[in-house]
Structures are given as C-alpha cells and as structure tokens.
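Hi,

Here is the model I promised to send over. Could you take a look when you have a moment?

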Amino acid sequence: MSTAILTGQPVPGSSLENDLRSLGFDVRIAADGSDAEALLAQVPADQRVAVVDARFVGHLHALRLGLTDPRFPLAAIPGAVTARPAGRQALIRAMARENSAAGGTSPRSSTAREQGGAPTVLDSLADRIAAALEADGAEVHRPELGSLVAAVPDDPQSRNETRQAVDAVDDEAIRLKSAVKARDGFFTTFFISPYSRYIARWCARRGLTPNQVTTASLLTALVAAGCAATGTRGGFIAAGVLLIASFVLDCTDGQLARYSLQYSTLGAWLDATFDRAKEYAYYAGLALGAARGGDDVWALALGAMVLQTCRHVVDFSFNEANAGEAANTSPTAALSERLDRVGWTVWVRRMIVLPIGERWAMIAVLTAATTPRITFSALLIGCAFAAAYTTAGRVLRSVTRTARRTDRAALALADLADNGPLASLATALPGARALRYTPLLPAVLGVAVLACALFLGGHWSVVVAAVCHALLAGLALARPLTGSLDWLIPPLFRAAEYGTVLVLAAEADVPGALPAAFGLVAAVAYHHYDTVYRIRGNAGAPPAWLVRAIGGQEGRTLLVTVLAALLTATQFTVALTVLAVAVALVVLAESIHFWVTSHLRGAPAVHDEGEPA
C-alpha cells in the first residue's frame, strides 16, 4: 500500500483523508516538518509515498493525476508531492534540507517562479519540497489539470471560494473525456469513442485491468479470423461484426488505462503486440476462407502484411530519427501546421493515412459484403496510397530540415536496421569506415540489385544478388546514420527481406508455399516490432545473441535464396515452414521472457499512444 503523510493540522469537514484512502493510500498525520521526516523514514523503501498539505482543497481526480500515475518517479500538484521508490532518495534529501532551513518545527515561506516567470510564495511544505527537487535538477512531473482544482487556501474565505470552484466543475466528466486519446482518426473519434469510454468506466468500476481487456480484444479477433476461415457468407458477416467488436475493446483498453492510470510496461507491450497479431491473424483467416471457396489469395494476404509492416517501419524510423529534437522547422512542417488550423483538413489528412480504425472498418465492411479478393485488393490500394502520401511528406520534411540527428537517433536506426553477422563482415573490412559516402547509397544499391535479380529470375543470380545486398547492407551501417534520409534504411531492408520471401514463394507455385511464407514473414515481423517497442520503452535493442541466432535481415534473405536455389518447390515449402517455426520459437521465447521479467522487476511504467486509431 502507498503512504500519504498529511502535514499540519487536519481541517474540520475536509474530505482529504477519505479521498486519499480511496486512492489506496495509508494516511498518517504529521504535526510539523520533523514529524513528517520521521514518518517518511518509516515507510518501506519499495512503496510510493506522498506528502500532502492538510489544507489541500481540490478535485479527487486532481489528486489521482498527481499522486498515482505509475510512469513518473516524482510528481507534484499544488499542495502535494509524491515519489515512487526510484525517486525516494531525492525526496528524502529535499525534505531534510527544507526542515533544516525551517528549523524543523514551524512553517517557512520560500519563493519559486511559476511558468510565466512571476514569483510565488510557497508556505506549504509539499510545495517547498517540490521546488527543492526541481532546484536540484530532479524531473518532477506536473500533470496538466485544466479546469480541475488543486489549491492550498490559507484562510476560511479562500477555502470557501476554492470549494465553490470545486463544486462548479464535474471532475468525472473531465476524467471520462481525458480517457480518450488526444489524437485519433475520424472513425474512432465519431463512431467508437463516444461509447467506448463508458465501457472503460464500467470495466474500471468492476476491477478489470487494461491487460484483461486487451486479451479479450485478441480473443475476439481470433474468433473473427476463425469465422472468416469458414468461407461462408454467414461466417464472413460474423467475422466483420466481431472485428469491429475487437476494435471497440482495443480502444477500451487504452481508455481504461488512462481513466484509471493503470499504466505498465507489460501492458504497453501487450497492447502493441496484440494489435499486430489480431490484424495479421485475420488476414490469414480471410485467406483460408477464400481457399475454401476455391480462390487462392495468399499472395494478396502476404502482400498486405508486407506493405502494412513496411508502413509501420517507416513511421517508427522517421519518429526515432527525429526523437529528442525540439521542433521541425522545415517549410513542409510549417505548411502542415497551417493546414492543421483548418478543421476539415485535419480529418481528411487523418483518413488518408488509413489509420487502424478506418482500416479495420473498411476490412470489416468489405469482408461482410464482398469477397476476400476484393477486400485484399482494396486494402492494398488504400495502404499503398497512404504509404506513398506519408513517405513523400516525411521525405520532404527531412530534406528541408536543418537539425542534425542525435547519437541516440543514429543508434536507434542502426538497431532497427537489424543487420546480422554477414553484414558485420562488410562493416569490419579495412577502410570501410574511412570511406566518405552517404549510408543510404549502398543500402539503396543493395536493395535495387536484389529487386532486379528477383524480377529477371534465375535462382543462382538471386543468390549472388543476396550476397551483394548483405555486403552493401554492412557498408550502409559502417557509418553513423545521421543523414537526413537515413531513416529510410530500415524500411528498405524490411521491403527487401519480406519481398524476397514473397516472390520466391510465389514462384514455387505449389500448395502451401505462400502460407509457409506468410508464417515466416509474420515471425520475422514480430521480431522487428518487438525491437521497436523496446526502443520506445527505453529498454534498448534485443540482445546481440538473438540477432546472430536468427541471422539478421541479410542472413535470412540470403538463406531463403539459397534454399530456393537448392531445393525442389515442395522441399522449399517444407524448409520455409521449418524456418518460420524456428524463428518464431526463438524470438517469442526471448521476447516473452524479457517483457515479463522487466515487469516483475518493476520496470518504469510506460504508455505508448502508438498508431493513431
């Protein structure tokens, strides 16, 4: 249980103690600063602790935002400051210093500067501690309260006025509104969120967790995939309805996390991972259903997965490349900001990129009303247009920007590239790092050579091209990826690897080849998504042994080309299946172990808004 230390004499009629207990705090009363310091020393080191002024008046949700968010080691609102175990020592030092300056017995006033620069007098111990923490360089999270009230009135009249201000604002309505993601797509904003937020509140009041809702969303999507696999019109209609139901639950889990502040590292990973698993499992179910009706659309299903994954890698790479920069000052970014001021253009631009809400709605409707082939064809056309639109805009932003890539961004791009042992040989060649070239050039050249070989045909020429691609991929990463367009390297490598598997499986032209390729690409894509989620969670890239064990992107590409050259079509299908199972077992075992262990060790909670819904 968390502990809240109330400083000063309790105010008659105040609900503060009950409010804190409702938030899970064990409340202790401290007569003065020295007493508060002694009580702080008694709180177990693995518990959250808060120091709250007994005169505090405000909304319960203001206290919840300020004192219970698990993402921040230190946080404060007016009249209250809190520390998780990671911030405990900083809190102890700040309190000891404040008590020493005040003599430990009587209140002391100090000054601090508000965001606008005007000085403000601090006569609350909690506020003085928060100011001292910031003066020491500690990062103290101060949540945006908006119209919520949080204050420490110092006389009866001010207290009455503050209470009236509290009564004038419905904090539950604000809490419900803030549960919805700030930036969502048109379909989600107008067709899902108006009622999914109430489902989130219903779940919170019954003690359900976001992870449980996430799991329910996954199970619903898997049932939808099963319905689609029946190949009947009734099955297709049921699949479309269940896919929308899964998406409603997918929105609900995030809204529940924001409503109840139930953020966790494990939850963020489950939410992001299950989103991909749901969509790609549905693709497989739809392809199976088409096969039952005599129509082979596995190539379209695999193409849709390849295109969608490459789109996501473009998003991840661009965002990581620009992480840590204050703002994009390019003319393209300025134009985008001006367009955002025109209301209707915002929604049009959000729909054009086909976010998950619009995408799943389109898939659901087309599944119920048409055929799998039409569904996949429309999906490929829509995703291709969205990919072209977003990539072109990001290229324009990149070539016109003046900011330089940070070392962290360059390292993240290198991790996303997923080069393995073969590429490392090229990187280690004498003089490779001394050559002056743009890293994007060898990457583009290697992918182009491979694409030409696949187009012209001839198994052994493809093998030679894959060797060239591996060497050039190593040269691409021999220099830091700090160029304006170097963020294109990871998506280029994804397209090369996935595209090679797709083309060679299609050329095998035997039953089972494309489904086996679908499984292999899904397993490898999981590894690449997992790399992104680790980087976003500041957990670093997957271990080097894992990258070596599964060969790196260039090693897997070369292996698939060699297998296609050496084996018959039927044998190649078996080899793809074995490779898919092997990669899946290795990456899943390591990934699950990593995330569960991180969660059990108390890794800092994160909440990644991810792809706009």
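Below are some notes on what I found in it.

This is a predicted model, in which local features need pLDDT of at least 70 and side-chain atom pairs count only at pLDDT 80 or more, while totals for chains, interfaces and linings use all residues. Residues are numbered from 1 along each chain as its sequence is written, and side-chain values use heavy atoms, leaving out hydrogens and water.

The mean pLDDT (the predictor's confidence in each residue, from 0 to 100) is 91, and 91% of the residues reach 70 or more. Over residues 112–121, pLDDT stays under 50. Where pLDDT is low, the predicted coordinates should not be read in detail.

Helix 9 (residues 210–229) has 20 residues and reaches 29 Å from its first C-alpha to its last, close to the expected 28 Å (1.5 Å times one less than its number of residues). Helices here are DSSP runs of H or I with at least four residues, numbered from the N terminus. Buried residues of helix 9 include Val213, Ser217 and Ala221; buried means under 20% relative accessible area, exposed over 50%, partly exposed in between (1.4 Å probe, protein chains only). Among the elements that cover them are helix 8 (186–205) and helix 10 (233–260). Gly231, with a positive phi near 75°, follows helix 9.

Asp509 has a positive phi of about 55° and lies in the loop between helix 21 (489–508) and helix 22 (513–536). Asn538, with phi near 55°, lies in the loop between helix 22 and helix 23 (544–549). Asp509 is exposed at 66% relative accessibility, and Asn538 is exposed at 65%.

Best wishes

Key: Helix = DSSP H or I, 4+ residues; strand = E, 2+ residues; numbered from the N terminus. Contact = heavy atoms within 4.5 Å.
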